[in-house]
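User: I've just been handed a structure and I'd like to learn how to read it. Could you walk me through it?

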Amino acid sequence: LTHHHRVFYQDHFRAGGKVPLGLKSKGQRIVVTGGAGFVGSHLVDRLIARGDSVIVVDNFFTGQKENVMHHFGNPRFELIRHDVVEPLLLEVDQIYHLACPASPVHYKFNPVKTIMTNVVGTLNMLGLAKRVGARFLLTSTSEVYGDPLQHPQVETYWGNVNPIGVRSCYDEGKRTAETLTMDYHRGAGVEARIARIFNTYGPRMCIDDGRVVSNFVAQALRKEPLTVYGDGQQTRSFQYVSDLVEGLMRLMEGEHVGPFNLGNPGEFTMIELAQVVQETIDPNAKIEFRPNTEDDPHKRKPDITKAKDLLGWEPKVSLRQGLPQMVSDFRQRIFGDQKEDSA
Ligand code: NAD
Ligand code: UDP
Ligand code: UDP
């Protein structure tokens, strides 16, 4: 697209044009920070398929080139090794800001770095959005609700977060990132969008990232016992990655700032999740109990009324439908090409 076309589409869009239902490309230049990670790489696939030009900015802390390698050689794709804690100069139309480790094991590894990424990294990307007039989407998290005293969680709930705990670098980091986003929106007129993402799973998750779905799937495939932490009665609500990507794109293209919960309301205890994994992979997989981690939220389930009403979005893929897709990806990466005989 020529510059003229781009300006035309942008103006048309900013003039309040309706959200194109198919989320059609306007041939935009889009930055995805954290685009070599699990969620980011799936988002990049959709944006490239739509016809956009995508710049991935990633420091490869938890992301991998393998996740985006299939776009190498495409002139509409660019990969920059860069840490968002450092300033960055680019000319773009939209910024999807995902850069931040998401697994507790990863974000606790260097908690100060996690805070810096959430605070200084988000500040830099907001500074960039302000300078070039780009629209900015923050991927926040259900963790802003902490160990919630309201169930399910609605966006108006302010949360119950320990400010000095081992998860605080992430929870409080994301809360500050939301604050910064709203301050740049109100104070500098940055077009902002905030998504609060609930537990998401799917192909390309790091195999050993310590999250519960990746752990259980890898363990069942390797014929190891499934490690349930605590009594296994704590709950989570698991969303398949394609549903999340659809929600993020609708949010970006829509007219509402948010915050919006993006998650699948299907709620499972960790014991129930282990049973679904047994059904899907190996009915004989054993379950082993381990001590739970500190400050583990007891339950979590999104109220998605707001996203349904204002974005016309709701998840389509249930856990039992989504899990097999992740399992075949994990099988391939764990066993390579060697033929793996069935359980
Ligand atoms: P991920 O760890 O797979 O991806 C994060 C990406 O960010 C990686 O590619 C990593 O290398 C990159 N990154 C980390 N720190 C960086 C830095 N300082 N500079 C540049 N790049 C950096 O995690 P994910 O599951 O894909 O999560 C993506 C985003 O979604 C994160 O912001 C996370 O907080 C949010 N989120 C995810 C979930 C989930 O269940 N997956 C839930 C809630 C929120
Ligand atoms: N920033 C950036 N890229 C830009 C513009 C700004 O990385 O294109 C960074 C800048 O280095 C600063 C932060 O974003 O640390 C906030 O920028 P802003 O202009 O809002 O604040 P100021 O620089 O005036 O303190
Ligand atoms: N969990 C578990 N076994 C594992 C890993 C995690 O039972 O091998 C539990 C963990 O204690 C928590 C839930 O699963 O209650 C979700 O943990 P995860 O790290 O996946 O995500 P988050 O805590 O960020 O929601």
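**Reading the fold and its ligands**

Analyst: Let's start with two helices: helix 2 and helix 7 make a right-handed crossing. Bear in mind throughout that this is a predicted model.

User: At what angle do the axes of helix 2 and helix 7 cross?

Analyst: An angle like this is taken between lines fitted to the helices. Here the two axes cross at roughly 65° and come within 10 Å.

User: And which residues of helix 2 and helix 7 meet?

Analyst: To find a contact, look for residues whose C-beta atoms lie within 7 Å. On the helix 2 side you'll find V39, H42, L43 and R46, and on the helix 7 side V241, S242, L244, V245, L248 and M249. By type, that contact splits into 7 nonpolar, 2 polar and 1 charged.

User: Can we zoom in on one pair? How many bridges link strand 1 and strand 2?

Analyst: Strand 1 (residues 29–33) and strand 2 (residues 53–58) share 5 bridges, in the parallel sense. For one of the residues involved, take V31, whose bridge partner in strand 2 is I55.

User: What about the ligands? How many residues surround ligand 1?

Analyst: For a ligand, list the shell of residues around it, then see which elements they come from. Ligand 1 has 28 residues around it, the closest being G34, G37, V39, T62 and G63. Helix 2 (38–50), helix 4 and strand 5 each give two or more residues to that shell, and helix 2 supplies the largest share, 3 residues. Sorted by type, the shell holds 13 nonpolar, 13 polar and 2 charged residues.

User: And which residues surround ligand 2?

Analyst: Around ligand 2 sit P87, L88, L89, L123, N124, G127, L128, K130 and R131. This shell divides into 5 nonpolar, 2 polar and 2 charged.

Note on methods. Residues are numbered from 1 along each chain as its sequence is written. Chains are lettered from A and ligands numbered from 1 in the order in which they are written. This is a predicted model: local features need pLDDT of at least 70, side-chain atom pairs count only at pLDDT 80 or more; totals for chains, interfaces and linings use all residues. A residue is near a molecule or strand if its C-beta atom, placed from the backbone, lies within 6 Å of it. Ala, Val, Leu, Ile, Met, Phe, Trp, Tyr, Cys and Pro count as nonpolar, Asp, Glu, Lys and Arg as charged, and the others, Gly among them, as polar. Two strands pair if DSSP finds at least two bridges between them. Helices (H or I, at least four residues) and strands (E, at least two) are DSSP runs, numbered from the N terminus. Axes are lines fitted to C-alpha atoms, for helices over the stretch in contact, and angles run from 0 to 180 degrees between N-to-C directions. A crossing is left-handed if the near helix is turned anticlockwise from the far one by less than a right angle, and right-handed if clockwise. Two residues are in contact if their C-beta atoms, placed from the backbone, lie within 7 Å.
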